[in-house]
Amino acid sequence: MNSAQILAFLSRRALLISTLLVLIATLRIAATYSVFSHTSDEPAHIACGMEWLSKGTYRYEAQHPPLTRVMAAIGPFLDGARTTGHEDFMAEGLILLRGQSPDSYERRLALARMGILPLFWIACLAVFLLGKRALGHSGAVLAVLVFTMLPVVLAHAGLATTDMGAAAFFSLSLYSLYALIDEPGIKRGLLSGAALAGMVLSKFSTLAFLSAALLFCAVQYWRTEKPSGASLKACARRLAAPALLSLLITVLLVWAAYRFSFGPAPYVPFPAPFPELAAGLKQVAEHNAKGHLSYFLGETSMSGSWLFFPVVLLVKTPLAVLALAAVSLFMARPKAAGAPARFVWTVIAAVLAVAMTANINIGLRHILPLMPFLAVAAASGLLVLFEKAGRSRWPQDAALALIVLLAGSSIMAHPDYLPYFN
């Protein structure tokens, strides 16, 4: 089968193949539930989500928003767990996991981690949609293939933490905003608002990532398109109503998630909706200003290093993905590197730029929202190789070899996805 036949087959069966890839990844993730005990922050997230479900309040800790925490707590809640009111939310989480019987711990931990699977599926959907818009149906399949093979993705999709929700809704938000700008409409405004609300309610760092991505994309658009004042005014008129609707839906859904709370809030001199969100942003800013104890290249530090995330990305991403991303970046023809492809690389640069300025350097998970875009970039590299195979056989062989290398390294990492190094 030559490259053209391979790409045609992938295009015809794009949805089916992508679904099978997601199903295989889901089984791999679920197989890790009973292997590892809880990580240091899983009990805290479960406790905060359980408070929201059991008491309708959200007072344990505001530094993380409630959505992914509630998702993690739903399983234990249905298993009979309820908030005990312990003053320490870490201890509260352990109480909830241990329950009243000897087998409660493993069961409830698995149920909590299971609650994150829908967020993984949303992330895969976002990857498919991004890949389809940037690379077509065959590229969408290849992007899902790469994404579902990334050890860091499989690791955090199997933990009851906030990181997978951040990756899912950040990528879906940027896709929906791109689609809204490209084709404004009421339906796209509604979908964009829902995605943005999910992003805000997953992790606050995504707000910084989104701001940087929008700024970088605006600069990129200005440099490449050089729009006139008239075209910008026409675009603003077309976007006004859908964008306003999107913002309204975002605010309403976020407020609903905080149970329509209202009261004194940081940063504003008067009572405001969802004051917990403002309090959480304040805590994140204070945490970043204070820093966090981290280890990098033989040294410990409270302020981290600007090299931390680039280096961690290089050593914890499969070599095949790095090679494919390099092919996409340096070998793609100008025609192939259209606006959607440029958009993907611009977002990657924006996320890295924000992360490199942070004082909290404690893992690749903090830039997990970058991974859907890196998967699309790697898929672009595969397409470049397949398209070059018309003149010579070696590019197709290289593409297939890199797919095998990626799959092999991912399978060999099972179940130790979290400590994976390339």
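# Questions on a predicted model

Student: In this predicted model, does Phe 274 count as buried or exposed?

Tutor: The relative accessible area of Phe 274 is 18%, and the cut-off for burial is under 20%. The value lies under that cut-off, so Phe 274 is classed as buried.

Student: Where does Phe 274 lie, and what is its phi?

Tutor: Phe 274 belongs to the loop between β2 (272-273) and α13 (275-290). Most residues other than glycine have a negative phi. Although Phe 274 is not a glycine, its phi is positive, at about 35°.

Student: Which loop holds Phe 260, and what phi does that residue have?

Tutor: Phe 260 sits in the loop between α12 and β1 (262-263). Phe 260 is not a glycine either, yet its phi is positive, with a value of about 50°.

Student: Which residues does Phe 170 touch, leaving aside residues up to four places away in sequence?

Tutor: Phe 170 is one of the residues with the most contacts inside the largest nonpolar core. Once residues up to four places away in sequence are set aside, its contacts are Met 199, Thr 206, Phe 209, Leu 210, Val 347, Val 351, Pro 369 and Phe 373.

Student: Why does the salt bridge between Arg 107 and Asp 79 tie together separate parts of the chain, and how many residues apart are they?

Tutor: The two side chains meet with an N to O distance of 3.0 Å. Arg 107 is partly exposed, with a relative accessible area of 31%, and Asp 79 is also partly exposed, at 25%. Because Arg 107 lies in helix α6 (residues 104-114) and Asp 79 in the loop between α4 (67-78) and α5 (89-98), the pair ties together parts whose separation in sequence is 28 residues.

Student: Which residues are joined with Asp 163 into one network of salt bridges?

Tutor: Asp 163 forms a salt bridge with Arg 365, with the closest N and O atoms 3.2 Å apart. This pair links distant parts of the chain, since Asp 163 is in helix α9 (residues 163-182) and Arg 365 is in the loop between α16 (339-356) and α17 (371-388), 202 residues apart. Asp 163 counts as buried, at 1% relative accessibility. Through salt bridges that share partners, Asp 163 is joined into one network with Asp 41, Lys 203 and Arg 365.

Student: How far apart are the end C-alpha atoms of helix α3?

Tutor: Helix α3 (residues 42-55) has 14 residues, and at 1.5 Å a residue it should span 20 Å. The distance between its end C-alpha atoms agrees with that expectation, being 20 Å.

Student: How many residues of α3 are buried, and against which helices do they pack?

Tutor: Helix α3 is mostly covered, with 11 of its 14 residues buried. Among them are His 45, Cys 48, Met 50 and Trp 52. These buried residues of α3 pack against α4, α5, α6 and α12 (229-257).

Student: Which residues does Ser 192 touch, not counting those up to four places away in sequence?

Tutor: Ser 192 is found in helix α10 (residues 186-200) and is buried, with a relative accessible area of 0%. Not counting residues up to four places away in sequence, Ser 192 touches Ser 176, Leu 177, Leu 180 and Ser 246.

Student: Which two residues does a cis peptide bond join, and what is omega there?

Tutor: Most peptide bonds are trans. The cis bond joins His 414 and Pro 415, and Pro 415 is found in the segment after α18 (394-413). For this bond omega is about 0°.

Key
Residues are numbered from 1 along each chain as its sequence is written. This is a predicted model: local features need pLDDT of at least 70, side-chain atom pairs count only at pLDDT 80 or more; totals for chains, interfaces and linings use all residues. Side-chain values use heavy atoms; hydrogens and water are left out. A nonpolar core is a set of buried Ala, Val, Leu, Ile, Met, Phe, Trp, Tyr and Cys residues joined through side-chain atoms within 4.5 Å. Buried means under 20% relative accessible area, exposed over 50%, partly exposed in between (1.4 Å probe, protein chains only). Contact means heavy atoms within 4.5 Å. A salt bridge is a side-chain nitrogen of Lys or Arg within 4 Å of a carboxyl oxygen of Asp or Glu. Helices (H or I, at least four residues) and strands (E, at least two) are DSSP runs, numbered from the N terminus. The expected span of a helix is 1.5 Å times one less than its number of residues.
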